[in-house]
Amino acid sequence: MQATEVAEDITKPFLSSFSADLDSGVLILTFSETVIAETLLPLGITVQESQNITNGLYRVLSDNETTTTSLNGPVLVLHLGSNDLNFIKQFSSHENNTFVSISSGIVHDTFNN
């Protein structure tokens, strides 16, 4: 059966979860859909010790240091630069006190959303 109409994807990807392995220096971001890895802008990612950024330490990741070698997909592995990693280690003693927020448009899906 042939489709009579196809709806265009206009939904931007969103961060659905994250995990960190600070011993290995990686931050793993899981998005709601496949994203294009090379469009990722680390400068739009903030790692913070409190859900509310005004209540504690935070670090905006550096575009110069933090990188990814991930292929396109819903999961991107970021290799934290040494300055980013060392600062985050100051407050990330366990997963219950580490939060990630991202700016809109830091990564695009395959439809450039």
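Let's start with one contact in this predicted model: Q48 has F99 as its bridge partner in strand β7. If pairing is new to you, strands of a sheet are joined through backbone hydrogen bonds, and they can be parallel or antiparallel.

Now step back to the sheet around this pair. What is the order of its strands? Reading across, you meet β4, then β3, then β7, in an open sheet of three strands with antiparallel pairing. The edges are taken by β4 (58-60) and β7 (99-102); each has a single partner strand, so one side of each is left without a neighbour in the sheet. On average, and with direction ignored, neighbouring strands here are turned by 20° against each other.

Next, look for the helix that packs on this sheet. Helix α1, residues 82-89, touches β3 and β4, and the direction of α1 makes about 165° with that of β4.

Finally, turn to the aromatic rings. How many aromatic pairs does a search of the whole structure find? The search finds one, and the partners are F87 and F91. Their ring centres are 6.3 Å apart with 75° between the planes. Planes over 60 degrees apart count as edge-to-face, so this pair is edge-to-face. Are the two partners buried or exposed? F87 is partly exposed, with a relative accessible area of 22%, whereas F91 counts as buried because its relative accessibility is 3%, and buried means under 20%.

How values were computed:
Residues are numbered from 1 along each chain as its sequence is written. This is a predicted model: local features need pLDDT of at least 70, side-chain atom pairs count only at pLDDT 80 or more; totals for chains, interfaces and linings use all residues. Side-chain values use heavy atoms; hydrogens and water are left out. Rings of Phe, Tyr and Trp (its six-membered ring) pair if their centres lie within 6.5 Å; planes under 30 degrees apart count as stacked, over 60 as edge-to-face and the rest as tilted. Buried means under 20% relative accessible area, exposed over 50%, partly exposed in between (1.4 Å probe, protein chains only). Two strands pair if DSSP finds at least two bridges between them. Helices (H or I, at least four residues) and strands (E, at least two) are DSSP runs, numbered from the N terminus. Axes are lines fitted to C-alpha atoms, for helices over the stretch in contact, and angles run from 0 to 180 degrees between N-to-C directions. Contact means heavy atoms within 4.5 Å.
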